[in-house]
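Please open the structure in a viewer and keep the selection tool at hand.

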Amino acid sequence: MKVRHGVMWALFLALVVAIQIHSPEPVEPEVLAYRGVPDETFWMLRRHALRFAEARAREGFEFLEGTPATDSFLIRCKGVPVLHVERQPPLLLIKVALGTEHRAPAIFPLKATLRWPLEPLSYLEQVLSGVQEPTLQDRLLLALAGDVPEDERCGVRK
């Protein structure tokens, strides 16, 4: 019985590793929702993010505008999205990709700066607004994936 149980665990771990190899980035980012913000506040947030990315461009960060139809912007780390801010009235959403703490830890002080002037929704309000959290499976896969290779990270001094 013990051998059979051990084989089951080995198969489970092999399956998790196989899934991770085919899907290195979890699909669902961490999403924080805030009450809608006035134009001035949104443009201030955008300026902070743009300055952040410009100051760290040599480290691999890049700022991208959203489409003309949406009020949004994105910061990527060596081509991988790590922070996305989108205004969907009456909400403002800040999305941080899972694994950002390994890929681009410098995003977290920026996220704190962006959140400072905003009024967050409670957890229940966020759920009722349809804002999804990453699944347990995404978080488990990320934990098993480990660290990001140094050449794929941003902000790493050589």
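**A guided tour of the model**

Begin by selecting Cys 154, which is buried at 2% relative accessibility; buried denotes under 20% relative accessible area, exposed over 50%, and partly exposed the range in between, with a 1.4 Å probe and protein chains only. This is a predicted model, in which local features need pLDDT of at least 70 and side-chain atom pairs count only at pLDDT 80 or more, whereas totals for chains, interfaces and linings use all residues. Residues are numbered from 1 along each chain as its sequence is written, and side-chain values use heavy atoms, with hydrogens and water left out.

Cys 77 and Cys 154 form a disulfide, with their sulfur atoms 2.1 Å apart; the term requires a pair of cysteine sulfur atoms within 2.5 Å. The two partners lie in distant parts of the chain, 77 residues apart: Cys 77 is in strand β3 (residues 71–77), and Cys 154 is in the segment after α6 (136–145). Helices (H or I, at least four residues) and strands (E, at least two) are DSSP runs numbered from the N terminus. Cys 77 is also buried, at 0% relative accessibility. The link is right-handed, with 110 degrees about the S-S bond, and the structure holds one disulfide.

Then select Arg 103, in helix α3 (residues 100–103). Is Arg 103 buried or exposed? Its relative accessible area is 7%, so Arg 103 is buried.
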